[in-house]
Amino acid sequence: VIQFDEVIDEMPGTGASPGLARQVLLSPVAGDVKVSWGRTRIRVKPKEGWKAGRVYRLELLPGILDLRRNKLTTGRLIVFSTGPEIGHATLAGTALQWVEQRALLGALVEAVPLPDSVGFLTIADSSGRFRLDALPAGRYVGYAIADQNANRRRDRREAYDSALVT
């Protein structure tokens with residue numbers, strides 16, 4: 001539960017809170033994330049449940065509004081653990097559209113620790129820059145994805161590239 005001082009906007013079109021859900025990024029999870037509105041709070045829960053022995057990154061993206069139309073202009077990051085120590089590694093860079101040689105704005109960036117298949121997520125900013133903090137040290141496959149349908153997954157028809165990083 002993320003608690004706010006003011007009543008926040010439900011963000012129109014909310015049955016299961018799709019508007020508000022676009023402003024919340026939880027990882028690593030192996031499925032959908034339920035995001036619900038509760039006047040001054042947002043409830044976030046992975047459909048797979050909270051897993052023991054995992055470090056989670058909960059990112060609130062810019063754009064959450066209160067009822068007076070005040071906007072959260074910078075994102076917030078909450079890192080918490082259900083067991084292991086929180087890491088101190090960082091993965092940062094710029095996502096590019098290689099052929100056009102320009103930044104991939106709003107790219108979905110995923111860092112998948114090897115040999116796992118569920119990764120940590122973030123969204124690149126308006127200049128293609130991204131930063132994933134508080135990662136456990138290790139080897140990762142890093143992906144930059146042109147997430148055209150905004151489902152926060154690497155789909156078959158979406159352009160992406162990857163690199164091995166340590």
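Predicted model: local features only at pLDDT ≥ 70, side-chain atom pairs only at ≥ 80, totals over all residues.
D9, at 12% relative accessibility, counts as buried, because buried means under 20%.

In total, the structure holds 8 salt bridges. As a general point, side chains of opposite charge can pair when their charged atoms come close. Another of these contacts brings together the side chains of D32 and R153, with 2.4 Å from N to O. Here too distant parts of the chain are linked: D32 lies in the loop between β2 and β3 (33-37), and R153 lies in the loop between β13 (140-145) and β14 (160-165), 121 residues apart. D32 is partly exposed, with a relative accessible area of 39%. R153 likewise counts as partly exposed, at 36% relative accessibility. I would also mention R131 and D133, whose side chains meet in a salt bridge at 3.0 Å, N to O. Of that pair, D133 counts as partly exposed, at 24% relative accessibility.

Let me now turn to the chain as a whole. The protein chain contains 1 helix and 14 strands. Its radius of gyration is 16 Å, close to the 15 Å that the globule rule gives for 166 residues, so the chain is as compact as a globular protein of that length. Along the principal axes, the C-alpha atoms fill a box of roughly 45 × 40 × 25 Å. Buried residues account for 39% of the 166 residues. Among contacts between residues at least 6 apart in sequence, 56% join residues at least 24 apart.

I come next to the sheet that includes β5. In what order do the strands of this open sheet stand? The order is β2-β5-β6, with 3 strands and antiparallel pairing. β2 (24-27) and β6 (76-81) each have a single partner strand and stand at the edges, so one side of each is left without a neighbour in the sheet. From one strand to the next, the twist averages 15°. Between β2 and β5 (residues 55-60), which run antiparallel, there are 4 bridges. V24 has L60 in β5 as its bridge partner.

Which residues touch the most other members of the largest nonpolar core? They are V24, I42 and V44, within a core of 15 residues. β2, β4 (41-46) and β5 each supply at least two residues of this core, and the largest share, 3 residues, comes from β5. A separate core of 13 residues lies apart from this one, and its members include L104, A124, L132 and A146.

I shall close with I42. Leaving out residues up to four places away in sequence, I42 touches V1, I2, F4, I8, L20, V24, V35, S36 and I64. Thank you for your attention.

Key: Residues numbered from 1 in each chain as written. Heavy atoms only, no water. Pairing = 2+ DSSP bridges. Axes fitted to C-alpha atoms, helices over the stretch in contact; angles between N-to-C directions. Core = buried A, V, L, I, M, F, W, Y, C linked by side-chain atoms within 4.5 Å. Buried < 20%, exposed > 50% of the residue type's maximum accessible area, 1.4 Å probe, protein only. Contact = heavy atoms within 4.5 Å. Salt bridge = Lys/Arg side-chain N within 4 Å of Asp/Glu carboxyl O. Rg over C-alpha atoms; globule rule 2.2 N^0.38 Å.
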